[in-house]
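Here is a set of questions and answers about how terms are applied to one model. Each answer sets a value against its definition.

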Amino acid sequence: MGGRSHTTKQFSQADADLVKTFAIHAGTAMENARLFEEVQDAFVQTVTALANAVDARDTYTSGHSQRLADLATETTKLLDIQGEELEQVHWAALLHDIGKIGVPDGILRKPGRLTPEEEAIMRQHPEIGARIVQPVAKLASVAPIIRAHQEQYDGKGYPDGLRGKHIPPIARIISVVDAYVAMTDERIYRAALSHKDAVKELKRCSGTQFDPDVVDAFLKVIKNNR
């Protein structure tokens, strides 16, 4: 009676070595991924600590930068900005005032009006902040946003006097959200404004200091949040 012949293929030493090599590479890749995640986590914690340190010098309200980041991210989504720019808005919001590290406490925490000389020093903080983050590969794309977050839609801001759409879109978002959060925070040198008064001020400055499209989107965000 005829039968089907079966050929049994044995693993050769070369096959075993190939599997072993693959296992080693897979293990290395998994370990690198774990280490990369740990480095990323450490980076996030360091950046958050820096943002909190700046907040502590400038406001009675803890979490200023995190609150700003959350609201700016929601506003960005509403403006249909997606992808990498969502990550940029998060980091830019957290670190927008990092340059205030270079501003003396006597100016930053002064209860009265700043002198012209003191105002000139305060106005350096966007440039200082941009220089701080520029060498960090992950933050290099955020540096121009930090530099531009005090620009105004009508061109009367600083440090470069940019106007309208020449201001980076995310910087225009940060500008609006930062103004609202700053107005409603309790500061060393002034009391917080009410939500109603802060909204009134945003509307008053829409089209001059602020991008009107961003103001409209942000007002929808805070209306939904409240």
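Residues are numbered from 1 along each chain as its sequence is written. The model is predicted, so local features need pLDDT of at least 70 and side-chain atom pairs count only at pLDDT 80 or more, while totals for chains, interfaces and linings use all residues, and side-chain values use heavy atoms, with hydrogens and water left out.

Q: What makes up the secondary structure of the protein?
A: The protein has 10 helices and 0 strands. Helices are DSSP runs of H or I with at least four residues, strands are runs of E with at least two, and both are numbered from the N terminus.

Q: How confident is the predictor, and where is confidence lowest and highest?
A: On pLDDT, the predictor's confidence in each residue from 0 to 100, the protein averages 85, and 86% of the residues score at least 70. The lowest mean, 71, belongs to helix H1 (residues 13-58), and the highest, 97, to H9. Where pLDDT is low, the predicted coordinates should not be read in detail.

Q: Why is Thr75 called buried?
A: Buried means under 20% relative accessible area, exposed over 50%, and partly exposed in between, with a 1.4 Å probe and protein chains only. Thr75 has 0% relative accessibility, so it counts as buried. Thr75 is found in helix H2. Contact means heavy atoms within 4.5 Å; leaving out residues up to four places away in sequence, Thr75 touches Ile173, Val177, Val214, Ala217, Phe218 and Val221.

Q: What makes Tyr180 and Phe218 an aromatic pair, and why edge-to-face?
A: A pair of aromatic rings is described by the distance of the centres and the angle of the planes. Rings of Phe, Tyr and Trp (its six-membered ring) pair if their centres lie within 6.5 Å; planes under 30 degrees apart count as stacked, over 60 as edge-to-face and the rest as tilted. Tyr180 and Phe218 are 5.3 Å apart centre to centre, with 65° between the planes, which makes the pair edge-to-face. Tyr180 lies in helix H8 (residues 169-184) and Phe218 in helix H10 (residues 212-225), 38 residues apart. Both residues are buried.

Q: How do you know that the span of H10 agrees with its number of residues?
A: The expected span of a helix is 1.5 Å times one less than its number of residues. H10 has 14 residues and should therefore span 20 Å; its end C-alpha atoms are 20 Å apart, which agrees.

Q: Which helices do the buried residues of H10 pack against?
A: They pack against helix H2 (64-78), H8 and helix H9 (195-204). The buried residues of H10 include Val214, Phe218 and Ile222.

Q: What makes the pairing of Asp211 and Arg172 a polar contact?
A: A polar contact is a pair of N or O atoms within 3.5 Å; within protein, one must be able to donate a hydrogen and the other to accept it, and residues adjacent in sequence count only if both atoms are side-chain atoms. The side chains of Asp211 and Arg172 are joined at 2.8 Å. Asp211 also caps the N-terminal end of H10, with a side-chain oxygen 2.9 Å from the backbone nitrogen of Asp213.

Q: Is Asp211 buried or exposed?
A: Asp211 has a relative accessible area of 3%, so it is buried. Asp211 is found in the loop between H9 and H10.
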